[in-house]
Amino acid sequence: MKIKSFLELSDVKTIAAAAEAEALRNQWAVTIAIVDDGGHLLWLQRLDGAAAISSHIAPAKAHTAALGRRESKVYEDVINGGRVSFLSVPGMQGLLEGGVPIMKDGLCLGAVGVSGVKSSEDAQVAKAGIAALEM
């Protein structure tokens, strides 16, 4: 039997604060979502000025990254590469860059999804949040 790490509320708050700081530093109005390893929402924060739709997109990106245990950009690249049938994968909705898994010792603890600016900038905010964890 293996012992598994998991995100605690203090971890979630650390990620959220660092992601928010990165977004504010760049004057990006985004929504930040943090999920556990099963894709279940732990945190949702919509910064002032973020589009309402981003509150749906950010959790979807996080969910996809957590379940797939890889950045959601991988799926966007697969689809853009011509494998459009991948759009029919059940349960995967956030197939755009901006979802980043939180990995420790080869295991996924959850993911951060961000939406509101360019996809690469969304990913930058998510990665800044994750980097704040001292793993």
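Mentor: A salt bridge is a side-chain nitrogen of Lys or Arg within 4 Å of a carboxyl oxygen of Asp or Glu. You are looking at a predicted model, where local features need pLDDT of at least 70 and side-chain atom pairs count only at pLDDT 80 or more, while totals for chains, interfaces and linings use all residues. Residues are numbered from 1 along each chain as its sequence is written, and side-chain values rest on heavy atoms, with hydrogens and water left out.

Trainee: How many salt bridges does the structure hold?

Mentor: Let's start with two of them: Asp 77 pairs with Lys 73, and Arg 25 pairs with Glu 22. For the structure, the count of salt bridges is five.

Trainee: How far apart are the closest N and O atoms in the salt bridge of Lys 4 and Asp 37?

Mentor: This pair links distant parts of the chain, 33 residues apart: Lys 4 is in the segment before helix H1 (9-25), and Asp 37 is in the loop between S1 and S2. Helices (H or I, at least four residues) and strands (E, at least two) are DSSP runs, numbered from the N terminus. The closest N and O atoms of Lys 4 and Asp 37 are separated by 2.6 Å.

Trainee: Why do Arg 25 and Glu 22 sit about one helical turn apart?

Mentor: An α-helix has 3.6 residues a turn, so residues three or four places apart point the same way. About one helical turn separates Arg 25 from Glu 22 because, in helix H1, their spacing is three residues.

Trainee: Which helix holds both Asp 77 and Lys 73?

Mentor: Their side chains form a salt bridge, with 2.9 Å between the closest N and O atoms. Asp 77 is partly exposed at 39%, and Lys 73 is partly exposed at 29%. The two residues lie four apart, about one turn, in helix H3.

Trainee: How far apart are the end C-alpha atoms of helix H2?

Mentor: The expected span of a helix is 1.5 Å times one less than its number of residues. H2 (residues 54-68) has 15 residues, so it should span 21 Å; this agrees with its end C-alpha atoms, which are separated by 21 Å.

Trainee: How many of the 15 residues of H2 are buried?

Mentor: The buried ones include Ala 58, Ala 62 and Gly 68. Elements covering them include S1, S2, H3, S3, strand S4 (107-115) and helix H4 (119-131). H2 is mostly covered, and its number of buried residues is eleven.

Trainee: Which order do the four strands of the open sheet take?

Mentor: Two strands pair if DSSP finds at least two bridges between them. In this sheet the pairing is antiparallel, and the order is S2-S1-S4-S3.

Trainee: How many bridges join S1 to S2?

Mentor: Val 35 has Leu 41 in S2 as its bridge partner, and Thr 31 has Arg 46. In this hairpin, with four residues between the strands, Gly 39 has a positive phi near 85 degrees. Strands S1 (residues 31-36) and S2 (residues 41-46) run antiparallel, and the number of bridges joining them is five.

Trainee: In which strand does Pro 101 lie?

Mentor: Contact means heavy atoms within 4.5 Å; leaving aside neighbours within four places in sequence, Pro 101 touches residues including Ala 65, Arg 69 and Ile 130. Its C-alpha atom is 8.9 Å from that of Thr 64, 37 residues apart along the chain. Pro 101 counts as buried because its relative accessibility is 11%. The strand that holds Pro 101 is S3.

How values were computed:
Buried < 20%, exposed > 50% of the residue type's maximum accessible area, 1.4 Å probe, protein only.
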